[in-house]
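Subject: Structure for you to look at

Dear colleague,

My notes come after it.

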Amino acid sequence: MLKINNLHARVEDKEILRGINLTVNAGEVHAIMGPNGSGKSTLAAVIAGKEEFEITEGEVYLEGENLDETSPEDRAHKGIFLSFQYPVEIPGVSVTNFMKTAINESRKAKGLDDMPAKDMLKLIREKSEMLEIDRKFLSRSLNEGFSGGEKKRNEIFQMAMLEPKLAILDETDSGLDIDALRIVANGVNKLKSKDNAVIVITHYQRLLEYIVPDFVHVLHNGKIVKSGTKDLALELEEKGYDWLKQETVV
Amino acid sequence: MAYTEEELKKELETKEYEYGFYTDIESDTFPNGLNEEIVIAISKKKEEPEWMTLWRLESFKIWKEMVEPEWANVKYKKPDFQAISYYSAPNKKPKYDSLDEVDPELLDTFKKLGISLDEQKKLAGVAVDIVMDSVSVATTFKKTLAEKGIIFCSISEAIREHPELVKKYLGSVVPQKDNFYAALNSAVFSDGSFCYIPKGVRCPMELSTYFRINQAGTGQFERTLVIADEGSYVSYLEGCTAPSRDENQLHAAVVELIALDDSEIKYSTVQNWFPGNKEGVGGVFNFVTKRGLCEKNAKISWTQVETGSAVTWKYPSCILKGDNSIGEFYSIAVTNNYQQADTGTKMIHLGKNTRSTIISKGISAGKSQNSYRGLVQVNSRADNARNFSQCDSLLMGNECGAHTFPYIEVRNKSAQIEHEATTSKIGEDQIFYCNQRGINTEKAIALIVNGFSKEVLNKLPMEFAVEAQKLLEISLEGSVG
């Protein structure tokens, strides 16, 4: 599904990713953990194709295709979805209208006609029920005046609507109370299949109790310094990151 | 795909005016310059009665004494009023029974504009009175309207056929001496539309006019008069486009609305005159006076989408004279390249329990300057007057400007006035967020701009809203349209 090869990336003069290697296969859940400033969000943004970051070395492949020349919207059309850590507000554009535009743009890229209104409504009903989202919520302006939790739940709703091949959840758990966390995690678990993959970026092991990862990677200073199974997350919870930092120095 | 502000800017600059063609129709054009003889000649040409000629001459006298106003936040080379021709009419003055008789080249022009008469005729519920180079050349649906007693015709025709109404109301809301351009218009207005809705009649269709400036160097001086008698209702649409031209074209229209007791007038405008090229050369000077008078329980709504003109100076206003009357102003003004817009409204509260709402959305791109200027005035006798104003600005790029000049004058303690203003910028983060959901940058900008303008777009009649949305996209984007 996703293959990242010796990836180096920087913003302006600052090198943030310093040689990332990562392979994610269909059906897998990977967790990426690490201290603040280790490059987790940068990695997510680079996979999604954010132009602000310059790739100086290495490649990102999706299903064998080098994404180097692929625009962010084309990556989205190919099935990459990023749940933003800080979702932006778009005043005057309702969640429904935004999703309608997004779905139809993706369909257009694939040479399909717009989704019939009836099917769209059905899809919206189905996915909003799954994530226990009030229908009134969907007519509100995108993220405007949403609480932190509402924003995150809305991100997962969009993910459910778009049914991506590769979903990257960038600190989706931050700002969620325990109930919202459970609903969001349930949603993600229901969407999981043998054909798609999920990368979960988080600080805490709490989310990983609900979305159980097959692999856990620790990012430090722009590199993956340790990989393991879900037990690694528990170990980190207990010991913090310092022992890993020291290990890397040594 | 990279999409930096730099590139966005470049793309916006290269958007050419898509209606920039010129129709070669034989015209009957007066020599340049303005004096009493010209004023008399215009009046004669239009076969006007003496009282009208005298009214024009009086206006001309007033205008001669006035100076061009300079308070607006716009910079331009003042027109040389002696270098303008004050009358131009399509030569074969048409008195057609059917479209077949209309100059085919003219019909072709309308087709290019996407408003072919054929189409318009079929569009149920829309009557079109087309003003091209100042003379009405076709009026449709007249019969249906006549059955209800509704008069919808050119102002010239109204002067001849309904002098009692014109005499009573012309200049009653915008007096000849009101301002420099209104005085000029009163002296030389070439044509325009007239509409009268009788007592208790609800106009069954949207009344619609398309204005178009076409003759090189010809000033366009439209005069519109809409009268809604007691308890009546009318929705009036005005839409404009103009061909590209190198020299600046002057447009100084006057629109007067009279809403008698318990009546309602909804006046919607989509204005898309040539804004000049990307270096800021050419383009229409648009100095318009629009004002409505509300009697008891009457309501006037102005809705405007302004995307065109090099310089815009326009303040559709309401005089809330009658008790319980309502004034509304909904505006979207888009400026790009070197366009300058100074637009807003005046809400004059004279009666008791009068209410007004102002929603203004300014969108600036390129090197343009976009100003909102509004006055809310509450008179000493206007007990319990209420106003709500909201002025939002959206900026694209770093070289444009947005300005807000709200004036509030309150002489009655029971007044409640609210004013809100915001300024925002289309951010790269917003664009990237949309991109990530599969929406390309162009579509993303359209989505954001439409969202920003939604409160106003919602006020437009359906068919106009679609056109307006398209215009917003054309005005701001590289390849849409």
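This is a predicted model: local features need pLDDT of at least 70, side-chain atom pairs count only at pLDDT 80 or more; totals for chains, interfaces and linings use all residues.

Chain A and chain B touch each other through 32 residues of chain A and 21 residues of chain B, and together they bury about 2200 Å², of which 64% lies on carbon and sulfur atoms. On the side of chain B, the residues that lose the most area to chain A are Phe432(B), Tyr433(B) and Arg437(B), which together make up 34% of what that side buries.

There are 2 salt bridges between the chains, and you can find one of them where the side chain of Lys50(A) meets that of Asp429(B), at 3.2 Å from N to O. The helices α10 (428-436) and α11 (441-457) of chain B each supply at least two residues to the side that touches chain A, and that side, sorted by class, holds 10 nonpolar, 7 polar and 4 charged residues. Polar contacts across the interface link 11 residue pairs, with both residues at pLDDT 80 or more.

In chain A, please look next at the open sheet of 4 strands, which has the order β2-β1-β4-β5 and antiparallel pairing. Its edge strands, β2 (14-24) and β5 (65-66) of chain A, each pair on one side only. Strand β1 (residues 2-11) of chain A is joined to β2(A) by 8 bridges, and Val11(A) has Lys14(A) as its bridge partner in β2(A). Helix α1 (residues 40-48) of chain A packs on this sheet, where it touches β1, β2 and β4 (54-62) of chain A, and its direction makes about 110° with that of β1(A).

With best wishes

Methods: Residues are numbered from 1 along each chain as its sequence is written. Chains are lettered from A and ligands numbered from 1 in the order in which they are written. Side-chain values use heavy atoms; hydrogens and water are left out. Contact means heavy atoms within 4.5 Å. Buried area is the accessible area (1.4 Å probe) that two parts lose on being put together, summed over both. A salt bridge is a side-chain nitrogen of Lys or Arg within 4 Å of a carboxyl oxygen of Asp or Glu. A polar contact is a pair of N or O atoms within 3.5 Å; within protein, one must be able to donate a hydrogen and the other to accept it, and residues adjacent in sequence count only if both atoms are side-chain atoms. Ala, Val, Leu, Ile, Met, Phe, Trp, Tyr, Cys and Pro count as nonpolar, Asp, Glu, Lys and Arg as charged, and the others, Gly among them, as polar. Two strands pair if DSSP finds at least two bridges between them. Axes are lines fitted to C-alpha atoms, for helices over the stretch in contact, and angles run from 0 to 180 degrees between N-to-C directions.
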